[in-house]
Amino acid sequence: LHCLLIPAHSKDESMTPQELGATYDYIAPLYQRDMLHSDYGLSALRRAIRYCPIVGDALDVGCGVGGRLIDALQQAGFTPEGIDVSAGMLSLAQQAHPGLGFCRADICQWQSQRRFALILAWDSLFPLPLNEHEPVLRKLCRLLDDNGVLIYSFGDAEGSHIDQWHGRDFHYSSIGISENLRVLMSEGLTILHCERDQHPQSHVYVIAHKRQKDEGASAQRLL
C-alpha cells in the first residue's frame with residue numbers, strides 16, 4: 001500500500017487523525033482482548049463475500065488489530081490489506097498477520113491507484129468528520145474494481161455526537177441511511193443488502209455491488 005502522512009484538520013468538533021490515532025493506541029490491547037473470541041461482523045462480511053463475483057485484493061479500512069475479519073477474507077481467497085490511523089492497532093495487526101500489507105493513514109487523505117475486489121469498512125467510518133462522510137464514501141466506491149463489492153457500517157441517525165468507550169471520549173457522526181444510499185447509487189453501485197442489524201442500537205450495514213462498465217452502458221441503453 002502507498003501510505004501518506006496523516007495531516008491535522010479542524011473542520012468541525014471531531015477528533016483530528018492524530019487525536020483519534022492516539023486514543024486508539026491507548027485502547028488497542030483492550031480492544032484486542034475484547035475481540036479475541038468475538039464473531040462480531042463476521043456474518044455480515046460472509047454475506048458480502050457470497051455476493052462477490054470476483055476474488056482478488058481486498059481493502060480493510062480501519063482494520064484495527066486485524067483478526068477475525070481479515071482471517072475470513074483470507075479463507076475466502078482474498079488478499080487483504082489494511083489501513084488505520086492507529087500505530088498501536090497496526091502493530092498488533094502486523095503481529096497477527098505477518099506477510100500482509102498494513103499502512104498508517106487517514107482515509108480522508110489517503111489515495112491509491114489500486115482497485116479492489118472487496119472493500120470493508122466495519123465500524124470505522126463513525127469517527128469521520130460529518131462533512132467527510134460523502135467524500136470518503138465516494139472514494140471507496142471509486143476504489144472498487146468492476147464487479148467489486150463494498151460492505152460498510154454506519155449510524156442511522158444524522159448528525160454528530162460524543163460517546164465513551166473504555167473511558168475515552170469518541171466523536172461519532174453519520175449522514176444517515178437515505179444519504180448513504182443516495183451516494184452509493186449516484187456512484188453507479190447497486191444496493192444488495194441494507195440492514196439495521198443491532199436494533200434498537202443505531203447501527204446499519206450496507207452491501208453494494210459495482211457493475212461492470214459495459215453492464216452499466218447496456219442498462220442505460222435500455223432506459
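**View 1. Ser 173 counts as buried, because its relative accessibility is 6%.** Buried here means under 20% relative accessible area, exposed means over 50%, and partly exposed is anything in between, worked out with a 1.4 Å probe on protein chains only. Before we go on, this is a predicted model: local features need pLDDT of at least 70, side-chain atom pairs count only at pLDDT 80 or more, and totals for chains, interfaces and linings use all residues. Residues are numbered from 1 along each chain as its sequence is written, and side-chain values use heavy atoms, with hydrogens and water left out. Helices (H or I, at least four residues) and strands (E, at least two) are DSSP runs, numbered from the N terminus. What does the side chain of Ser 173 make a polar contact with? Its partner is the side chain of His 133, at 2.8 Å. A polar contact is a pair of N or O atoms within 3.5 Å; within protein, one must be able to donate a hydrogen and the other to accept it, and residues adjacent in sequence count only if both atoms are side-chain atoms. A polar atom of the Ser 173 side chain also lies 2.5 Å from the backbone oxygen of Leu 128. If you skip neighbours within four places in sequence, the residues in contact with Ser 173 include Leu 125, Phe 126, Pro 129 and Gly 159. Contact means heavy atoms within 4.5 Å.

**View 2. His 133 turns up again, this time in the lining of the largest cavity.** Rolling a probe the size of a water molecule over the atoms shows where empty space is left. On a 1 Å grid over the protein atoms alone, a cavity is a set of points where a 1.4 Å probe fits but cannot get out, while a pocket is an open set with protein on both sides within 12 Å along at least five of seven lines; lining residues have an atom within 4 Å of a point. How many cavities of 30 Å³ or more does this rule give? The count is 1. About 50 Å³ of space lies inside the largest cavity; grid points are joined across faces, edges and corners, and a volume is the space filled by probe spheres set on the points. Along with His 133, the lining is made by Leu 125, Leu 137, Tyr 152, Phe 154, Ile 175 and Asn 180. Helix H5 (133-143) and strand S5 (144-154) are the elements that give two or more residues to this lining. By class, it has 5 nonpolar, 2 polar and no charged residues. Ala, Val, Leu, Ile, Met, Phe, Trp, Tyr, Cys and Pro count as nonpolar, Asp, Glu, Lys and Arg as charged, and the others, Gly among them, as polar.

**View 3. The second largest pocket has a volume of about 160 Å³.** Its lining residues include Gln 32, Met 35, Leu 36, Arg 68, Asp 71 and His 97. Helices H1 and H3 (68-75) each supply at least two residues of the lining. Which classes are in this lining? There are 4 nonpolar, 4 polar and 2 charged residues.

**View 4. Ring pairs link Tyr 40, Trp 122 and Tyr 205 into a cluster.** Rings of Phe, Tyr and Trp (its six-membered ring) pair if their centres lie within 6.5 Å; planes under 30 degrees apart count as stacked, over 60 as edge-to-face and the rest as tilted. The whole structure has 4 aromatic pairs. In one of them, the ring centres of Tyr 40 and Trp 122 are 5.6 Å apart and the planes meet at 65°, so the pair is edge-to-face. This pair links distant parts of the chain, 82 residues apart: Tyr 40 is in the loop between helix H1 (17-35) and helix H2 (42-51), and Trp 122 is in the loop between strand S4 (116-121) and H5. Tyr 40 is partly exposed at 26% relative accessible area, whereas Trp 122 is buried at 8%.

**View 5. Gly 176 is buried, with a relative accessible area of 1%.** You'll find Gly 176 in helix H6 (residues 176-186). Neighbours within four places aside, Gly 176 is in contact with Phe 154, Gly 155, Asp 156, Ala 157 and Glu 158.

**View 6. The peptide bond from His 199 to Pro 200 is cis, with omega near 15°.** Pro 200 belongs to the loop between strand S8 (189-195) and strand S9 (204-210).
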